[in-house]
Amino acid sequence: MANGGPVEHGYPHLDTVRASITALYKRLSYDTIHTFAASVVPADVAFADVDDLHLGAQRVAREMVRHYRLPDARMIVGFREMTHAAHVELAAGPEYFIELNDRFRTHRRDIGAALAHEVMHVYLHRLDLSFPGTRDTEILTDTAAAYLGAGWLLLDAYREDGASSQKLGYLTPEEFGYVLAKRALVFDEDPSVWFTSPQAYTAYTKGMELALRDGRQPPLTAAGWAGRRRYARDRRHAQDHHAPDHSGVPYAFAPDDQGPLRVSFPCPTCHQRIRVPVRGRVRARCALCRTVLECDT
């Protein structure tokens, strides 16, 4: 939790974020992910200053349990002084103890954001889905919360001005915006209408720019002129020398003993790599997320 300190910006964790989206599709399946088409809405996690602190926190925790479809899980929420925003004990269940930073006693509007992350820890724990190392698992948790419809709260908790700053989660604001944009493109949902933080809206628009750029990389037909020109040059080099230089581009050429040269590239939706023959116009379908892609290889 950045509380008054500097907020990191940009995309330092982008590779792990993309790997997290792929891992979600692999572990949950296309069908399960599409059961999360509706996000948590503000009314379901609203928390007024006049509400009882503990009863209100329990109510919001139950909403996260409902949203993540953990009906046999019970969250016991308490508050204490700590460095981090929150902590959850990942025991066998069905009861899980969540501790929130004492700061949330007076910043109740952000309790939903903290619980979105902590209850997602429980969800991933039950799935037995994690990455090596604490840092990457925390990035996976933020990404999963955002992609499955509750993480917009984490981005909305980001506020920054000349005198103070606050950010929850391990992703940068722009990375949260990127994941929310990837979700928006899949489910045709605009989370920006729920933002109360102007900085969150700015981060979301920046993330959307990068998410749209994913769908404009060669060999996709939506690629721009410069990308298509670079791709054609790299393709000629691969055909002539059989040792192409793949630095700085998302696609990679590889010879195929059974047929023509092939090119692999990340699916713009789930980032699973797709491999197709180099033979001009090709329609490819990602086996993981079922996205149909128009390619010019």
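Reply: The expected span of a helix is 1.5 Å times one less than its number of residues, and helices (H or I, at least four residues) and strands (E, at least two) are DSSP runs, numbered from the N terminus. This is a predicted model, in which local features need pLDDT of at least 70 and side-chain atom pairs count only at pLDDT 80 or more, while totals for chains, interfaces and linings use all residues. Residues are numbered from 1 along each chain as its sequence is written, and side-chain values use heavy atoms, with hydrogens and water left out.

Buried means under 20% relative accessible area, exposed over 50%, and partly exposed in between (1.4 Å probe, protein chains only). The buried residues of α9 are Ala-200, Ala-203, Tyr-204, Gly-207, Met-208, Leu-210, Ala-211 and Asp-214. Viewed down the helix axis, these buried residues fall within an arc of 170°, so they line one face of α9; the arc is that of the directions from the helix axis to the C-beta atoms. Pro-198 and Glu-209 are exposed on the face turned away from the buried side. The buried residues of α9 pack against α1 (14-28), α7 (152-156) and α8 (173-187), where contact means heavy atoms within 4.5 Å.

Helix α6 (residues 134-147) should span 20 Å for its 14 residues, and its end C-alpha atoms are 20 Å apart. Here 11 of the 14 residues are buried, so α6 is largely enclosed by the rest of the structure. Among these buried residues are Glu-138, Asp-142 and Tyr-147. Their cover includes α1, α2 (30-33), α5 (111-127), α7 and α8. After α6 comes Gly-149, with a positive phi near 105°.

Helix α10 (residues 225-241) has 17 residues and reaches 24 Å between its end C-alpha atoms, close to the expected 24 Å. Its buried residues are Arg-228, Tyr-231, Ala-232, Asp-234 and Ala-238, and what covers them includes β7, β8 and β11 (292-296).

Two of those strands belong to an open sheet of 3 strands, ordered β7-β8-β9 with antiparallel pairing. β7 (252-254) and β9 are the edges, each with a single partner strand, so one side of each has no neighbour in the sheet. Neighbouring strands here are turned by 25° against each other on average, direction ignored; axes are lines fitted to C-alpha atoms, for helices over the stretch in contact, and angles run from 0 to 180 degrees between N-to-C directions. Two strands pair if DSSP finds at least two bridges between them; β8 (residues 262-266) and β9 pair over 5 bridges, with Arg-275 as the bridge partner of Ser-264. Val-276 lies in β9 (residues 273-277) and is buried at 5% relative accessibility. Beyond neighbours within four places in sequence, the contacts of Val-276 include Val-263, Phe-265 and Thr-297.

The structure holds 0 disulfides, a disulfide being a pair of cysteine sulfur atoms within 2.5 Å. For Cys-286, the nearest cysteine sulfur is that of Cys-270, 3.6 Å away. Cys-286 is buried, at 1% relative accessible area. The sulfur of Cys-295 is 9.8 Å from the closest cysteine sulfur, in Cys-267, which is too far for a bond; Cys-295 is buried at 0%.
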